[in-house]
Amino acid sequence: MKKNSSVVVDLLLLLLAITVLATPAFSDLVLSKVERRIDVTSQIARVTKTLKVVNSGSESVSEFTLTFPKFLGNNLAYLSVSHSEGKGKAKRSLANLSVKEAHPKGMPDSISFYSVSLPKPLSKGDTLTLEVVAAFTNVLQPFPEKITQRDIHLVMLQESAQYLSPYVVESQSLSIKLPNARIESYSKLENTKVQGSEIKYGPYKNLAQYSYAPIVVHFESKAAFAVAEKLVREIEVSHWGNVQVTEHYNLVHRGAQLKGEFSRLEYQDRPNPQGVSAFRHLLARLPPRAHSIYYRDDIGNISTSQMQSDSKKTELLIEPRFPLFGGWKTFFTIGYGLPLSDFLFASEGKRFLDISFGSPMIDLVTEKLIVQVVLPEGSKDISVTTPFAVKQSHEIKYSHLDIAGRPVVVLEKNNVVPDHNQKIQVYYKFSNINLLSEPLMLITGFFVLFITCIIYTRADFSISKSSAAYLAKLQWDEVLATLQEVQNIIQKCLAAHDKLEASLRDLSRTGDIQTCKAARKSTDSLLKDLSKELRPLLASLQSFPSASQISPKVEELVAKERELQEKLMAKHTTVVEGYEKKSSGRDIENRIASQQQKIIALRQEVDDLLEFIDEI
Amino acid sequence: MAAVESLPPGTPSAMRNAFGTVLSALILVLIGVLAFSIRLFSVIKYESVIHEFDPYFNYRVTQFLSKNGIYEFWNWFDDRTWYPLGRVIGGTVYPGLTLTAGTIWWVLNAINIPLSVETVCVFTAPVFSAFASWATYLLTKEVKGSGAGLAAAALLAMVPSYISRSVAGSYDNEAVAIFALIFTFYLYIKTLNTGSLFYATLNAIAYFYMVCSWGGYTFIINLIPMHVLLCIVTGRYSPRLYIAYAPLVVLGTLLAALVPVVGFNAVLTSEHFASFLVFIIIHVVALVYYIKGILTPKMFKVAVTLVVSIGLVVCLIVVAVLVALVASSPTGGWSGRSLSLLDPTYASKYIPIIASVSEHQPPTWPSYFMDINVLAFLVPAGIIACFSPLSDASSFVVLYIVMSVYFSGVMVRLMLVLAPAACIMSGIALSQAFDVFTGSIKYQLSSKSKDDAEDNTSTKNAPKDDASSGKADKGEEVAKERLSKKGKKKEREPAEKPSVKSKIVKKKALVLPLEASIVALLLLIMLGAFYVIHCVWAAAEAYSAPSIVLTSQSHDGLHVFDDFRESYAWLSHNTDVDDKVASWWDYGYQTTAMANRTVIVDNNTWNNTHIATVGTAMSSPEKAAWEIFNSLDVKYVLVVFGGVIGYPSDDINKFLWMVRIGGGEFPHIKEADYLRDGQYRIDSEATPTMLNCLMYKLCYYRFVETDGKGYDRVRRTEIGKKHFKLTHFEEVFTSHHWMVRIYKLKPQKNRIRGRVKKLKQKTTSGVSSKSVKKNPWM
């Protein structure tokens, strides 16, 4: 109630001021016809006016003054004035005119003045038609201010039935479009008509300057009174083909506050759900080809959202975690990617990003909007053009693998309505070479890593080259190398043994003694060579102190191998002799049986020893 | 194990070693990738979000750390919890996990990779499970060579028990603690094998990290002394053992005392006494060995008798002092959780608050199969493999598995400690089995070709092939030897000799027929495949649910129940920042982390009385409950109710614990009052105390109007008291599926003078004193 009473006081003051007012400063112009349409179907009061201006004075006029009562003027979010030429169907709208807030002297505080500079001075007798679009926020006052879950949501609009103007108005009419036909009350003046959900006041003829006839309309509104107390939009341009938009919403329901209990039962009651004053969802109209859309808040993903997309638009229907009743708040983030080619263009050696300024949410009022355009690292000569005044500043943001940081253009504006959803342009210079810097950095990084690894494994990093441990290590390496060689030789010996055995088997099959003898001869020489090779190795192995544990084993191995060799030779000789003597196979076998056993045992031992050495 | 098989035989040895090293490195990388990615099911199926209860607290602490820095963190007094007592977070939390994630976050941000704290927290556990599987490789390699190491690492990477605690989002102490545990064991074994003081120091540092991370560090500080004792008793004392143990106790205890949450407990509580006792014993033994070395045998005998008689007296005195010390403290110096480890029935007898946690219950048999699956069958084979031959290292893992089997039998939660042991054992078993089978296949094949006597080269290869399976780890072995010092080599040699001999003997004995080996190999591979399938299933279906989001598959698609976050979000945005919210302690961490509201009790159940107060309030009638809550400055009461959608772990099902815990402190709450003939019920047969208690009323307020009957889908019955009004509370929020209901305390009514007087006249002094008793805060 406090708010309402203050408004009433305002109204009284205004009336008082108007009666006192008697200045002819603006009297040269006459408004021959004023049509006003107020649309209050959403939470924003959108006023469209068509003003027909006639210069009845003698001097040409280049400025036109628009006035609003202060309580409206304070809530003015958007104002655009354009003028149209021609008549009837040939009427066309021309460019917007520049509007400035003015503070003429001697005028009362209860009126806001805006001066519009006309496209060309209006000379005597000329007429001009102006189209004024104004959007007001917070002018629909919830009344009563607190309602329970079961109540319907009523709001109140205060206006003047007569057009408040510093000029004489010859004829004016006002129509108010309400969301539905349920009207609680409205001020009844003369010439008031109600047609369904529309209330008409007027026409009123020949009104004096500053005529004022306060009216109050009290009606039901089902619109979502969704207000973003703060909205941060971050638009990040990546020249790899993506524009990433992230929007953080601090949302509040600015309708009548909920009083008393919230009952889920009644809210979900199927036949007659209650709690109509709460809003369940918001609709975001995203640009076409938006992709990778997410919707989350501080504590994770919010699963209640739907998306529809076609070639013209992407519609995202999001539902907050809980239904928002009057006065309830919530916070969430939506993010989406856009194809770069749709938003980035080049002109005159510069690139520019052409992207909409406001939130994609329908019918959302933003009290404080911060748009951060993050340009790629290495962008230069940044400039911004906006269709309306915004506060600008620059920042640096460090993101993935940045060194110099990315330049950020920060744009701030208060009280933003959907009418502000116009394109802004961010111009900057960027060379494509910069694109390669990060991949190159990664490549270099890994290259250096691998090089370091290679150097580390190859190079010798011992601090003291003369320390005992270091020397021991070097020596041990040598021991191992020698061992390897010994092993190889032994393996060769064993292979030679196998060959010999094979020749024996051949002999038993073919009876060809000569080949067998030849094989024996070659094996003999080979083994002799090998044992020659072995000798220096063994000597060197013994010279190493660190090999003291191993060398007996190796010696044993060599001895066993030699023994094996001898036994094998003996066996070979016996067999060959047996064949030469043409003794029977069984006889030979009997004779070599004991030898054979020994050979197998020896071979086993040699294998074991080899394996043991291998284990080292 | 794959490495062992895929090593191509016959190539020159050096080349093969290099190839083997690279191959096993590659396999290790792949195992790491496997361990990481198998834990991402929760992110893919649900979302990248912190899970369950405790992780939310850790997440909140990490947020604080990243925002305020390390010094603020140590001094953090949290006034958002345990109202009005508060909690000194810096001094009561194991900081390992938080510091780890905080450091990762800090490093990433320092090199301009702007990951959020949440993302880092979510992925800490999977990253550390990759580390843990590498640590397992190292540990098993020290025990049985790199083939077994790779097998164990692969098994650990996907063991369900460990997955259950380390899926992405499960940001809990265990996530890093298991890595720390295995790594500490690895360094201990490494020190034991090398006798290097360098590794001993690293071991102490790893132990310090473990102490930082998890209360389970007591497992290490008891297991290692037990192993040392085992070694001494079995006559395996060596200077290496001394180096492995003594620095660990000294440095480890000093470092552990640096952690605020442990502090002087590191020397005062009984959990640590075993290590000091063994520390004394090992010194005595070392002295004996030294004296034995310098004295003649005869002199030595004299000295022994002398020392033993004096030593016994000293020992008796020490033991008496210890016993007196321990006995003087109320719980005998053992914390409740540790006591319930020794006596599994301890908790249920004395501490309902420990018993009420489901993860402190003993496991059932199916949970063994669920959590370690086929490993349960492979473990015995692994133990046998460890005994042939028994080395210091293998005796350690045998001891480890025995102890962890016992502990896992006491508490489900400690299944987590069993899992690495089971993996190591199974890895050893698998690796040995593969060795034998592939070895005998190769042997058979080569001996066949030998018989043919056609191919000379094959005979040349035969002996090599036979040994090749054992050679797989040679590359590693050689590298290790190079690093190690000369002196150590000498000590190792004698120990190695018999082992090698017996290995050779075994190998020769274990040549199996070709067909049998092939069939056995196939069976082993099938077993492995079954294990992999089970693990993937467990990771995907059983252990990935974050528990704050529930989903159900119905005929019309996936249904998501996101009620918890819905109501936490409501609390966080639509109540005053200093409002106090009362709920059962389960939801304390989540409320502080997600809703950022002050809670009365939370999951850190340090103050039993406080929890009992909330339990008492919940089990009292409305008016008494209002008084208790009002005296605690509570503005909102949150209850979890599953009756609408059939969510079984709701407050009504937990209610008996509230009664028990409340009754433990405030005797006017009697469990019997809430039970009808020993049965817990909420239908028309329920006791009036039950039907009038606050919990019942808050859960079922206007519940009957949903379907007209008040049918509770969890209890599968119609509720007892259907229509009632709340006098002291009002409903302010109920989530979409009624899972969370939040009530506000109604403001106190203006007192009418006459009524108050009347009441005063009515109540005698005895009654009023009784009512005072009912409310512990007034």
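This is a predicted model: local features need pLDDT of at least 70, side-chain atom pairs count only at pLDDT 80 or more; totals for chains, interfaces and linings use all residues.
**Chain A as a whole**

Begin by colouring chain A by its domains, which are domain 1 (23-220), domain 2 (226-261 + 277-430) and domain 3 (468-615). If you then compare domain 2 of chain A with domain 3 of chain A, you are looking at two parts whose C-alpha centres lie 84 Å apart. Next select residues 439-457 of chain A, which an unreviewed UniProt entry annotates as "transmembrane region". In the model this span is 100% helix and 0% strand, and its end C-alpha atoms lie 27 Å apart.

**Loops in chain A**

Now move to the loop between strand 6 (99-102) and strand 7 (111-122) of chain A, and select Pro108(A) within it. Is Pro108(A) buried or exposed? Its relative accessible area is 17%, and because residues under 20% count as buried, Pro108(A) is a buried residue.

Continue to Pro144(A), which sits in the loop between strand 9 (141-142) and strand 10 (146-147) of chain A. Show the backbone here, for the peptide bond joining Phe143(A) and Pro144(A) is cis, with omega about 5°.

The next stop is Tyr210(A), in the loop between strand 15 (198-207) and strand 16 (214-220) of chain A. Its phi is near 55°, which is a positive value in a residue other than glycine, and at 4% relative accessibility Tyr210(A) counts as buried.

**A sheet in chain A**

To look at one pair in detail, show strand 23 of chain A beside strand 24 (residues 314-318) of chain A, where five bridges join the two antiparallel strands. Within this pair, Ser305(A) has Ile318(A) as its bridge partner in strand 24 of chain A.

**Chain B**

Turn now to chain B, which contains 37 helices and 11 strands. Of its 778 residues, 55% are buried, while the chain exposes about 33,800 Å², with carbon and sulfur atoms supplying 66% of that area. Among its contacts between residues at least 6 apart in sequence, 72% join residues at least 24 apart.

Select Pro84(B), in the loop between strand 1 (77-78) and strand 2 (87-88) of chain B. The peptide bond leading from Tyr83(B) to Pro84(B) is cis, with omega near 0°.

Then select residues 578-637 of chain B, listed by UniProt in an unreviewed entry as "domain: STT3/PglB/AglB core". This span is 50% helix and 15% strand, and its end C-alpha atoms lie 14 Å apart.

Finish at Trp738(B), in the loop between strand 10 (729-734) and strand 11 (740-745) of chain B. Here phi is near 65°, a positive value in a residue other than glycine, and Trp738(B) is buried, with a relative accessible area of 3%.

Key: Residues are numbered from 1 along each chain as its sequence is written. Chains are lettered from A and ligands numbered from 1 in the order in which they are written. Side-chain values use heavy atoms; hydrogens and water are left out. UniProt positions are given in the numbering used here, feature names are shortened, and annotations may be inferred rather than shown by experiment. Helices (H or I, at least four residues) and strands (E, at least two) are DSSP runs, numbered from the N terminus. Two strands pair if DSSP finds at least two bridges between them. Domain bounds come from an automatic or database domain assignment. Buried means under 20% relative accessible area, exposed over 50%, partly exposed in between (1.4 Å probe, protein chains only). Contact means heavy atoms within 4.5 Å. Accessible areas come from the Shrake-Rupley method with a 1.4 Å probe; for residues, only the protein chains shown count as cover.
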